[in-house]
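Please open the model in your viewer and keep the selection tool at hand, since this tour moves from one group of aromatic side chains to the next.

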Amino acid sequence: ETANIGVVGLAVMGSNLARNLASREGNTVAVYNRTHARTEELVAAHPEAGFVAAGTIDDFVASLARPRTAIIMVKAGAGTDAVIDQLAERFEPGDIIVDGGNANFQDTIAREKRIAPTGVHFVGVGISGGEEGALNGPSIMPGGSAESYETLGPILASIAAVAKGEPCVTHVGTDGAGHFIKMIHNGIEYADMQLIGEAYDLLRTVGGLEPHAIADVFAEWNKGSLESYLIEITAEILRQVDSATGKPFVDIVLDQAGSKGTGVWTVQNALDLGVPVGGIAEAVFARAVSAKPAQRAAVRRSAASRPQPQKADAGFADDVAKALYASKVVAYAQGFDAVLAGAEKYGWDIHKDRIAKIWRGGCIIRARFLDRIAEAYTDNPDITTLLEAPYFAQAVTQGEDAWRRIVATAALSGVPVPGFSSALSYYDSLAAERLPAALVQGQRDFFGAHTYRRTDREGTFHTLWSGDRTEVDVTHSTH
Ligand code: NDP
């Protein structure tokens, strides 16, 4: 009973996380993997870590000091359930089982319910940052009970990324909150990547720049308010040259993007919650469109018959930067709306400023931008949308003309910008005096008697469309 923390599952993520844990003062790390050879390999490769290697799950459990705390990093789904059951059978009340994999938060909620009667804490933890983050400091989003966080919090804080002197970890809420927040993080990541992709396409197709020149533009942007990990790696990718052909790397990659599901989960849940996350949805759909080669081949047009790209003037790249920034604000605003809706539905006490803070380091969407979001929610946690925060309201207003020019230019040039244009439409919808929703509601009342409310007085009304077309007050009738 010498280890204060254990890791089960020693593939890429688990072994890196175990090494990170072992490198921090005060931690002794027990390690176990179903296939023992993996455990032996890890221990042999890293004698400096002082791992306590377990050959069986019983040895593993016996090597943990109380309250026993074990982080599971195995294949999401059935593998995770198998390990949870093995640990739950052996653990005692007060012990803590952590699932650090990419679980669906609904599964996490169900697992916690299943484990709770035994007195063992089950904690779903979202961990972002991939392999590199796991080793050097990820962004960590733990759910589960507040009680378990007393033991787990300091351990996680010891390995988390650090941003502005603060570890990128906070107890985000109970049960599945951690995996929910991780899911939203990934959804925002999809949107951010798509927007950057559209900016690149515009700079190339309309701006006429070659990849290496676009890399310079991105590198320049990375010195300002757009500074972020994704912008930084984009510059590096665009600078890469394929050694086999001498062509830009981006030109030899098949233009079909895959997805592993978390972006899809974000959109599915947002639909259920009634939260418009168009930026994230468009990003998921853009990948799906890219992966339809037969349809693309059927509709593809020759260069001669496609719209001619508009002429780019000297300020074009600056316009693209402004459009990108404004669209990003919208995507994050939508993501935080989903956070809020999830918190309300599932009863989580979520602090949006803390979420923004823990995304500032270690994870894929880390960005200077998140400082501004954290500030906005610290200044006023009750803003109805990020677009209302003075800083963002001003940023969007300042970039508005450029944003409109870019969406118009893209449309005239035949460059697809589902992210930029849906973000602008979302903004225009919120900003409009009146929306055609009035007409839609009228249509709903016409064919389905779905009723409507009036602008000038309280109540619920229906027009007798198939009768004499007079209005009836149905406020008190039961539907
Ligand atoms: P994998 O998802 O490839 O899973 C392999 C590990 O799972 C091995 O240790 C394997 O053991 C174990 N395993 C699978 N089935 C079982 C089972 N039935 N019983 C016991 N052990 C089992 O590993 P990764 O390291 O890539 O990912 C681990 C987790 O982290 C996953 O949930 C993944 O989704 C998540 N992840 C998170 C990332 C992030 O950035 N946060 C990035 C990548 C992954 P064995 O060696 O015996 O086969």
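Along this tour, buried means under 20% relative accessible area, exposed means over 50%, and partly exposed lies in between, computed with a 1.4 Å probe on protein chains only. The model is predicted, with local features needing pLDDT of at least 70 and side-chain atom pairs counting only at pLDDT 80 or more, whereas totals for chains, interfaces and linings use all residues. Residues are numbered from 1 along each chain as its sequence is written, and side-chain values use heavy atoms, with hydrogens and water left out.

Rings of Phe, Tyr and Trp (its six-membered ring) pair if their centres lie within 6.5 Å, and planes under 30 degrees apart count as stacked, over 60 as edge-to-face and the rest as tilted. The structure holds 17 aromatic pairs. Select F180 and Y346, a tilted pair with 6.4 Å from centre to centre and 55° between the planes. F180 is buried, at a relative accessible area of 1%, while Y346 is partly exposed, at 22%.

Then select Y325, Y332, F369, Y391 and F392 together, which form one aromatic cluster. A charge sits over a ring if NZ of Lys or CZ of Arg is within 6 Å of the ring centre and within 35 degrees of the ring normal. Finish at R366, which lies over the face of Y229, 4.1 Å from the ring centre.
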